Amino acid sequence: MGTLSNAVSGRLSRRAFLISATFAGGSLMIGPRFIASAEAADSFIPNAFIQIPETGKVALIIPSAEMGQGVYMGLATLIAEELELTLDQVQPLPAPADPSRYAHPLLGDQVTGGSVTIRGFWEPMRQAGAAARMMLIAAAAQDWDVAAASCRAEKGLVRHAASGRRATYGELAAIAAKQPVPDRVELKPASEFRLIGKTLPRIDSPEKVTGTARFGLDARPPGLKFAAIAVSPAFGGTLRSVDDSAAMRVKGVRQVVRLSDAVAVVADHTGAARKGLAALHIAWDPGANGGLTTAELERRAEAAMADDGLVAHEHGDVAGAETAHEAGIEAVYRLPILAHTAMEPMNCTVHVRADGCDIWVGTQVAGRARQAAAEVIGLPTEKVVVHNHLLGGGFGRRLDHDGVIMATRVAQKVEGPVQVVWSREEDIRHDSYRYLNLSRIAIRLGPDGMPVSWRHRVVGPAVMARFLPILFKDGIDLDITGGAEGPYDIPNKRVEYVRHEGPDGMLTGNWRGVGPTRNAPAVEGGSTRRRTWPDATRWSIADNSWARMPGCARCWIWPRTGQAGRLPWGRTAAAASPYCRISAALPRWWRRCMRHRMVCCRWSALSALWIAGRP
């Protein structure tokens with residue numbers, strides 16, 4: 001089963017991605033749209049990812065957003081490895097909003113999420129570097145009138161050993177731009193890797209340490225104004241009236257923008273904008289969601305549990321096993337609504353003009369943001385330019401572009417560029433929430449205490465129906481149900497899915513860890529653990545889950561169990577996805593121990609640990 005975090009198998013193979021990109025004009029690799037541009041007098045631009053100037057560092061255009069996960073380092077390493085550059089010779093740059101050239105090979109859109117960046121770009125990026133290297137060698141061979149096979153590339157140079165000649169990539173750029181694009185490239189074997197797999201300093205660390213890195217909040221186009229915003233506190237509510245007389249007396253306040261569902265105060269600086277916003281007297285019409293409470297949302301989810309569900313996963317005969325075995329346990333797990341609260345405040349800077357629009361923002365979906373802004377303004381998409389920046393944390397929040405839409409609506413009423421910054425309170429109140437999940441797990445046990453059947457009913461929204469329809473199949477959100485079957489080798493399993501959406505006007509979306517973080521707490525749940533703990537029953541991990549378990553987890557488990565794939569229930573660590581899922585069944589002192597042991601694994605493991613460690 002595919003999930004956002006478990007790749008979208010079958011969507012596009014890497015080879016198909018290259019072919020389609022070539023013939024669709026994506027100019028990603030080898031093909032007619034390869035930008036071997038003789039028109040660029042001072043640069044060699046062999047493809048959509050590489051720009052080699054006559055002097056200076058080689059620019060690598062990174063198609064995925066950098067939000068602290070290290071994608072600049074990862075993708076730049078893939079290109080530099082094949083292009084025979086050292087990492088201090090390259091400069092990563094964010095790709096412009098252009099899904100036709102920068103779509104993710106597996107997701108089919110310019111989306112950064114689900115921890116699939118390296119999986120998708122592993123081969124395409126290396127091929128981009130290898131093709132550029134071949135063209136540079138061909139250029140040198142032509143210039144020196146020698147065989148290309150007698151030349152080799154090394155650290156940004158092409159050398160000819162027999163004659164001792166050498167030339168930098170920049171010196172060869174003009175000739176290389178006229179070389180034919182290779183029909184076929186040969187990638188280096190792993191045994192020759194100089195960069196891939198090595199522990200190296202991250203290339204984006206110095207800028208972040210010195211404070212010179214540019215995040216969305218750092219955008220400062222000339223004439224910039226700053227806006228603080230208040231949106232209807234009720235989902236779907238509207239603005240009834242606003243008294244701005246006091247706000248307009250605040251020094252620095254220039255304008256109060258009224259929208260159908262929000263008010264923004266525009267000022268010379270953020271402090272004035274916030275003071276002006278606080279001085280407003282706003283009356284809202286809450287609409288149908290006035291008085292809505294969390295308790296009411298939970299009640300609705302509880303009611304949905306009784307609805308007919310769709311079968312998302314089935315193995316064996318659960319009904320037959322339940323008839324044959326009466327002993328068992330049943331538990332219900334409730335996951336709360338969660339906001340992202342990314343470290344960098346939600347912000348977006350927009351300059352709307354009659355003939356175009358510029359947007360400065362850090363987004364995980366640059367192409368979608370551009371399209372949405374164009375629709376708001378009524379301009380052709382190509383008239384909108386998105387300047388994507390580093391993200392001060394994404395966690396799925398910036399997979400939605402509602403903030404770009406809101407900022408564009410404000411900017412339409414402002415002369416010149418305006419930066420809309422959300423307060424933390426407004427951010428939490430109007431997040432793209434991970435909506436609450438409800439799980440009911442029923443397990444039947446055989447005479448030996450081992451489970452013989454597993455029935456897991458998941459009640460939750462269908463985020464993928466909106467966000468990535470290829471993961472919404474036959475009415476089932478494949479990501480919401482991801483990992484709900486658990487990693488254990490139980491002979492009869494059934495996962496049922498009941499679609500249950502939030503109220504109208506409430507935006508629900510992806511959250512860190514996506515599907516697995518919804519289901520892992522239930523699958524490894526504390527209630528079932530406590531009720532089976534006295535038996536200390538050993539549950540067997542399914543072979544496929546064992547194989548997908550992170551190596552660090554396997555290294556930790558093996559010496560303590562002495563048997564791969566067989567773990568003591570109550571001391572379990574399991575992985576049913578690329579995200580490490582740590583059992584809540586671990587004794588407290590083990591959880592503390594694991595918390596330190598797994599720090600080196602990956603951020604997702606930390607997320608899982610945090611969840612597992614909650615009471």
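Me: How many helices and strands does the secondary structure of the protein chain come to?

Reply: The chain has 20 helices and 27 strands. Helices (H or I, at least four residues) and strands (E, at least two) are DSSP runs, numbered from the N terminus. The model is predicted: local features need pLDDT of at least 70, side-chain atom pairs count only at pLDDT 80 or more, and totals for chains, interfaces and linings use all residues. Residues are numbered from 1 along each chain as its sequence is written, and side-chain values use heavy atoms, with hydrogens and water left out.

Me: What share of the residues of the protein chain count as buried?

Reply: Of the 615 residues, 57% count as buried. Buried means under 20% relative accessible area, exposed over 50%, and partly exposed in between (1.4 Å probe, protein chains only).

Me: Why is Gln91 called partly exposed?

Reply: Its relative accessible area is 28%. That value falls between the cut-offs of 20% and 50%, so Gln91 is partly exposed. Gln91 sits in strand β4 (residues 90-94).

Me: What is Gln91 in contact with, leaving aside its neighbours within four places in sequence?

Reply: Gln91 touches Lys57, Val58, Ala59, Leu60 and Glu207. Contact means heavy atoms within 4.5 Å. Ile203 is 112 residues from Gln91 in sequence, and their C-alpha atoms are 8.2 Å apart. For the chain, take contacts between residues at least 6 apart in sequence: 73% of these join residues at least 24 apart.

Me: What makes β5 and β7 edge strands?

Reply: They belong to an open sheet of three strands, in the order β5-β6-β7, with antiparallel pairing. β5 (151-154) and β7 (165-168) each pair on one side only. The twist averages 20° from one strand to the next.

Me: Are Asp145 and Lys155 buried or exposed?

Reply: Asp145 is exposed, at 71% relative accessible area. Lys155 is exposed too, at 55%.

Me: How do you know that the buried residues of α8 line one face of the helix?

Reply: In α8 (residues 270-279), Ala272, Ala273, Gly276, Leu277 and Ala279 are buried. Seen down the axis, they fall within an arc of 160°, so they line one face. The arc is that of the directions from the helix axis to the C-beta atoms. On the other side, Lys275 and Ala278 are exposed. Among the elements covering the buried residues are β8 (225-231), β9 (238-243) and β12 (281-285).

Me: Why is the pair of Phe49 and Tyr102 called edge-to-face?

Reply: Rings of Phe, Tyr and Trp (its six-membered ring) pair if their centres lie within 6.5 Å; planes under 30 degrees apart count as stacked, over 60 as edge-to-face and the rest as tilted. Here the centres are 5.8 Å apart and the planes make 65°, so both tests are passed. Phe49 is in the loop between β1 (43-47) and β2 (50-53) and Tyr102 in helix α3 (residues 99-102), so the pair ties together parts 53 residues apart in sequence. Phe49 and Tyr102 are buried.

Me: What makes Phe235 and Tyr433 an edge-to-face pair?

Reply: The centres are 6.1 Å apart, with 80° between the planes. Phe235 lies in the loop between β8 and β9, and Tyr433 in the loop between α13 (424-429) and β19 (437-445), so the pair ties together parts 198 residues apart in sequence. Both residues are buried.

Me: How do you know that Arg368 lies over the face of Phe467?

Reply: A charge sits over a ring if NZ of Lys or CZ of Arg is within 6 Å of the ring centre and within 35 degrees of the ring normal. Arg368 is 4.6 Å from the ring centre of Phe467. Arg434 lies over the face of Trp511, at 4.8 Å from the ring centre.

Terms used. Two strands pair if DSSP finds at least two bridges between them. Axes are lines fitted to C-alpha atoms, for helices over the stretch in contact, and angles run from 0 to 180 degrees between N-to-C directions.
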